[in-house]
Amino acid sequence: MKFSSALFVLLFGISTFLNAQTTEGPSLGNGIFNIVGKDSTFSMKMGLQLQFQGASEWTERNNSFTDAQSQFIIRRARLKFDGFVYSPKLTYKIALGLSNRDMSGASVYTNNAPRYILDAVMKWNFYENFELWFGQTKLPGDMETLTSSGNLQLVDRSLMNKSFGIDRDLGLQLHHEIKFSDKMLLKEAFAISQGEGRNVTSGNFGGYQYTSRLEFYPFGDFIKGGAFIGGDIYREPTPKLALGVAYDFNDNAVKTGSNQGRYMVTDIGFHETDISTLFIDALLKYQGFSLMAEYADRSADDAVAKNSDGTTTGDVVEVGSGFNVQMGYVFENNWEVTGRYSNLNPEKQITGDDVENQYTFGVSKYILGHKLKVQTDLSYLNAKASEDQLMFRLQFAVHF
């Protein structure tokens, strides 16, 4: 309640300020407002991301798809702030999630607090190409996670990402890049974080989490950071390639998905185990064509949570591997067709889960790039131990 009141006061104050100071705002996609302090000691840009989604799912029974279920949701509704403080070398980013999907996931171990805050991070370019980040933001994991939800090539991320992605955490990150020539580029990132995901309110039940990522660009960087923008909407005039590898180690992790998933609770506290996750990814773009491939592998020292008497609690670390590949082409009229294949291969003897394969075909219309678009996709899910499923989604997205 206090947060909601404070947010209302903030937005009311901003609206009053804008009405008093300006008559024209930035163009669509460049923020609702963009201001610089009178003495140039700070700047702030405020943006708003909205995604409206309709979805239908069918389950296969007796060689036909029945049991249709449909829903309409606000998939994402986010306020975003960024700018600099004191110097352009000290920047910040704040993202607040206001949709039910963004706020859900409260836990008794985080005081049952709604999870409003997505990002709250400062970035300090303290020396040449070195940048120190501190706060809560995405860890340097796989490429699909690092691609903003507003820049996705399909309606949403893949099955592999949902099972093995490590998303956000609170801690420190060091980023650096090396230019070997006019084109050849290497980017490095290393993070030390709390290891239990975002919006942890107190304590640290397990150990710390260590994440590192290397990205190699043999033909130079992509236009406008396009390595993390879905589809080749800028139609790279020359071939561009990004090769990435990331490794995440969560020491004495207490959640089923490293820093994601459920807390593994036992009769004497928390089940703790070391969890390692490896990511390998590659991206190619050229004249509207794009191809992305990702691989993930997760292992744990003791994946099954047990009570003091040796009985299992039912919580199991999501160990196994996954593969994801997607390919698309953006036509000159800004329509794109995309295909994606995702594979999940869990360690069945441990998790009890079977192999899953999902095939997705999508069509997107970029009205103003990713800032204003309509996307739709159709997915077919094949799983050995359960009925096949068919899913259709339609999504309208705007980013002010």
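**Exercise 1.** Determine which residue of strand 10 stands opposite Tyr210, and then follow the pairing of strand 10 onward.

*Solution.* In this predicted model, Tyr210 stands opposite Phe249 in strand 10. The strands are DSSP runs (E, at least two residues), numbered from the N terminus, while helices are runs of H or I with at least four residues. Next, strand 9 (residues 209–217) and strand 10 (residues 240–253) pair in the antiparallel sense over eight bridges, where pairing requires that DSSP finds at least two bridges between two strands. Strand 10 is also joined by twelve bridges to strand 15 (residues 273–286), again in an antiparallel arrangement, and here Ala246 stands opposite Phe279 in strand 15.

Residues are numbered from 1 along each chain as its sequence is written. Local features need pLDDT of at least 70 and side-chain atom pairs count only at pLDDT 80 or more, whereas totals for chains, interfaces and linings use all residues, and side-chain values use heavy atoms, with hydrogens and water left out.

**Exercise 2.** Compare the radius of gyration of the protein chain with the value for a compact globule.

*Solution.* The rule, applied to C-alpha atoms, is 2.2 Å times the number of residues to the power 0.38. For 400 residues a compact globule would have a radius near 21 Å, and the protein chain has 22 Å, which agrees. Along the principal axes, the C-alpha atoms fill a box of roughly 65 × 50 × 50 Å.

**Exercise 3.** State what percentage of the residues in the protein chain is buried.

*Solution.* Buried residues (under 20% relative accessible area, with a 1.4 Å probe and protein chains only) make up 46% of the 400 residues.

Technical notes. Buried means under 20% relative accessible area, exposed over 50%, partly exposed in between (1.4 Å probe, protein chains only).
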